[in-house]
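Please keep the sequence and the model in view while reading.

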Amino acid sequence: MSARAMMETARNSAQALREAGLPARLVELHELVHRLRDRQEEVVERIMADTGKTRTDALVSEVLGTLDCLHWLVSKGPRYLEDEKASTPLALLGKKSRIWYEPLGVVLVITPWNYPFHISLTGVATALLAGNSVILKPSEHTPLKGLLEELLDGLPLLASSVQVAYGEGDLAEALIDAGPDKIVFTGSAPTGKKILRQAAEQFIPVELELGGKDAMIVFEDVDLKRTVAGALWGAMTNSGQSCTSVERLYVHRSIHDDFVARLRQEMDRLVLGSGDDGNADLGAMTTSFQYDIVQRHLDDAREKGATLHGGQGHESERMITPALVTGVTSEMALMKEETFGPVVPVVPFDDEEEVIRQANSLPFGLSASVWSRDLRRAERVARALGVGAVSINNVMLTEGNPALPFGGVGESGYGRTKGVEGLRAMCRSKAVLIDKQSGTIEANWYPYTREKYRLFTDLIRGLFSGGLSAWVRFARAGLKLESHSQKPRDGQ
Ligand code: NAD
């Protein structure tokens, strides 16, 4: 089917979905949660086959993460879609104010290859709950062909409201040309820029979830065992192919050498394997181009004088042994570009100000983590970081809570997915003001007269001065204005 035909189908189903109402959508979304729970092992197999992830990465980050998000959506989401009362100012006494959250229409969800199930399904379900029909354009490298359709099969409302567009970037471009009401994009910064340019031509709003170069900051007072284990997992999970993985590890100089020695020891214990039965820690690189990028970063660091531990490549299996890099400088690609692989560069620091400056020195700002027993210091540093999310004494954990908004700053994108903000991003808020039918003319309507001008001046003073006398002044001016509003212009 052509992109235009898909858009037309989506427009028709959007209308039906909207008319069906939230309760009907919820029934089917609940059923989707149950299906995913019951078919988790089959889904894990499909994810492993497309990505080369370990079984545990596929189960925990993809299936459990998705179930968590879907569960939040069906249990907490509906209250944020209800009509809301808003306050009405004194000057508009007697009127009612409301906010209605309405569907946008058709949402185009474009997703990457690193968490092809979690990111796709969460985006699709959020859009559906809010009442939109969806076209999903998954990554051509990890299409999970037919899986979403199978999960939705027999759920008439959702199945008819979701279409999966299998293809490459040019298909996504054609779909944007066909004019969706919103684009939710997760992927690289260069593609994000292209999408923004194209969307601008049609004023299509875009949520942009792009790459990162996340910092982990470790102060001298941490528990070394826990923090080393956190650094290891944060850098290596999903073989480092996570937008929020630890890509720069800053460790206080007083514990740096001990920390590095322990990290190295723990790293050497990691088990590599893909197609495993649950006992491998690191899987394959999902694509050969990402394998090449990681090798390029390691070669560049080596050439510029860094010390490498690990990092051996096995090209035919797209496997890279975990790498720890010391002696790095800001000139190395490893310290300024997204590596997206099982590599952790470690940098010593001496004080808080210096490490904040270093962490904030790149155009990216997705997430970060700060580790210290001194929670006041950790919070102070967390507030100073130019990122969209910070975990304190944990790593990548903001993503683990679907109630929290997710998104970056700077070249990591803008807009938020997940949480209330993510759900409302799939809605169009409509402001509503309700007044009674009566013969009254509003004071600010025509005719404008000198007397009304004087009374408005009085009303403003009364309204914004505070105190009892001001309140009386406001009430008097208000009453007079009301009676004057019925009168014709002076001299008529
Ligand atoms: P990518 O930008 O190459 O591709 C992402 C998607 O965009 C794919 O579906 C692709 O087909 C599509 N696409 C390609 N060209 C397009 C075009 N011209 N117009 C519209 N769509 C087009 O990214 P990737 O390599 O698949 O994913 C890795 C990147 O995603 C990394 O930078 C990673 O950090 C980022 N990422 C970000 C988040 C986040 O939430 N911030 C999460 C996961 C991944």
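Rings of Phe, Tyr and Trp (its six-membered ring) pair if their centres lie within 6.5 Å; planes under 30 degrees apart count as stacked, over 60 as edge-to-face and the rest as tilted. Ring pairs join Trp113, Phe289 and Phe340 into a cluster. The model is predicted: local features need pLDDT of at least 70, side-chain atom pairs count only at pLDDT 80 or more, and totals for chains, interfaces and linings use all residues. Residues are numbered from 1 along each chain as its sequence is written, and side-chain values use heavy atoms, with hydrogens and water left out.

**Aromatic pairs**

By the ring rule there are six aromatic pairs. Two of them are listed here with their geometry.

| Pair | Centre distance | Plane angle | Class |
|---|---|---|---|
| Trp113 and Phe340 | 5.5 Å | 85 degrees | edge-to-face |
| Tyr446 and Tyr448 | 4.9 Å | 55 degrees | tilted |

Trp113 and Phe340 link distant parts of the chain, 227 residues apart. Trp113 sits in the loop between β3 (106-110) and α5 (118-129). Phe340 sits in the loop between α13 (333-336) and β14 (343-349). Helices (H or I, at least four residues) and strands (E, at least two) are DSSP runs, numbered from the N terminus.

Are Trp113 and Phe340 buried or exposed? Both are buried. Buried means under 20% relative accessible area, exposed over 50%, partly exposed in between (1.4 Å probe, protein chains only). Tyr446 is exposed, at 62% relative accessible area. Tyr448 is exposed too, at 52%.

**Charges over rings**

A charge sits over a ring if NZ of Lys or CZ of Arg is within 6 Å of the ring centre and within 35 degrees of the ring normal. Lys418 lies over the face of Phe406, 5.5 Å from the ring centre. Arg424 lies over the face of Tyr101, 3.9 Å from the ring centre.

Two strands pair if DSSP finds at least two bridges between them. Strand β2 (residues 96-103) pairs with β18 in the antiparallel sense over eight bridges. Lys96 has Ile434 in β18 as its bridge partner.

**Domains**

Domain bounds come from an automatic or database domain assignment. That assignment gives domain 1 (3-210 + 418-431), domain 2 (214-401) and domain 3 (441-485). The C-alpha centres of domain 1 and domain 3 are 49 Å apart.
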